[in-house]
Amino acid sequence: MSKKFADSGRIAPSDITPHRQYLSRRTLLAGGIGLVAAQGLAGVTRRASAQSAGALAFTHNAAFSVTEQPNTYTDITTYNNYYEFGTDKSDPSENAQNFHTRPWNVTIGGEAELTGTFNLEDILKPHPLEERVYRLRCVEAWSMVIPWIGFPLGDLLKRFKPTSKAKFVEFKTLYDPKQMPGQRARVLEWPYVEGLRMDEAMHPLALMAVGLYGKVLPNQNGAPLRLIVPWKYGFKGIKSIVSIKFTERAPRTTWAGSAANEYGFFANVNPEVDHPRWSQATERHIGANAFGPRRPTLPFNGYAAQVAGLYSGMDLRKYY
Ligand code: MTE
């Protein structure tokens, strides 16, 4: 495990707080009165730190967070899509436990001045971590609210000085059938590939996540490094990234490449464009009220004010 993760001096409130109370405590800390409360808890946090492996140091970004109660840690880490570890929702949490996320390298390639293979610690080092509570809307018409820990994707990309030819960014997941049993079957084209247009990738909402609920990402959620694009369907959030490439043309992405009529390259959450086999107008919220009323799906998953401008003039029925 990286030193940065293991030795982080500050302890996340989630480590000393049942997850249910996490949200209210965090709001307090973010609100300013938190300083005194946090100092008062210092002794407790220090004692708790021995048991809280993988705690991360971060600040909460309230401006970029939804105010809804996050799903429980159990929901978020046992109901997963990660086909490299199986296609049932419970498969990733069962099959990814021994997945090795260290040492980990990320190759940066394509249209950039700085390219090469970097170890994960060097990739992460300059980036202060923040917490952002985002709604994840899966293309399967369910959603969850997840307190991610990460840093803006754009800050990472800028470091490699993309050239003027860089119009898109392509991401790839590790290909390692020995460790990833799902890759021994042809359920999808391996490795999993995703991509963004450059302006989407540079949007401040696009996040590189390394943790959730104040701790290092569990393997089933895409450790050690995964993408989160909150205004797009969850499948854009590629997990366990080993390659980032700047390209002139739109990359062939796994889902759009294998079923172009069902999954578009853009994959913006859009209640008006149905999947050919089901409606996208509403969603089921995973968690305590999973069988409660379905919720209406919001354009761009609720982030229209921030991101709709990226697509002005585009026919979003054609570019779904
Ligand atoms: N990344 C890889 N490499 N493989 C996958 O199967 N599934 C995607 C996305 N990233 C997937 C992936 C889908 S469909 C969703 S909804 C999200 O991961 C789920 O993320 P979560 O399990 O952390 O909630």
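**The ligand site and the core**

The ligand is surrounded by 16 residues, the closest being Asn 80, Tyr 83, Glu 84, Gly 237 and Lys 239; a residue is counted here if one of its heavy atoms lies within 4 Å of the ligand. The model is predicted: local features need pLDDT of at least 70, side-chain atom pairs count only at pLDDT 80 or more, and totals for chains, interfaces and linings use all residues. Residues are numbered from 1 along each chain as its sequence is written, and side-chain values use heavy atoms, with hydrogens and water left out.

Polar contacts are pairs of N or O atoms within 3.5 Å. A nitrogen atom of the ligand lies 2.9 Å from a side-chain N or O atom of Thr 173. For Asn 81, a backbone N or O atom is 3.2 Å from a nitrogen atom of the ligand. The side chain of Asn 221 has an N or O atom 3.0 Å from an oxygen atom of the ligand. On its own the ligand has 540 Å² of accessible area, and the protein covers 98% of this (Shrake-Rupley method, 1.4 Å probe).

Of the 320 residues of the protein, 52% are buried, meaning under 20% relative accessible area with a 1.4 Å probe, protein chains only. The largest nonpolar core has 76 residues; such a core is a set of buried Ala, Val, Leu, Ile, Met, Phe, Trp, Tyr and Cys residues joined through side-chain atoms within 4.5 Å. Strand β5, residues 142-152, gives the most to this core, with 6 residues (strands are DSSP runs of E, at least two residues, numbered from the N terminus).

How values were computed: Buried < 20%, exposed > 50% of the residue type's maximum accessible area, 1.4 Å probe, protein only. Helix = DSSP H or I, 4+ residues; strand = E, 2+ residues; numbered from the N terminus. Polar contact = N/O pair within 3.5 Å; in protein donor to acceptor, adjacent residues only side chain to side chain.
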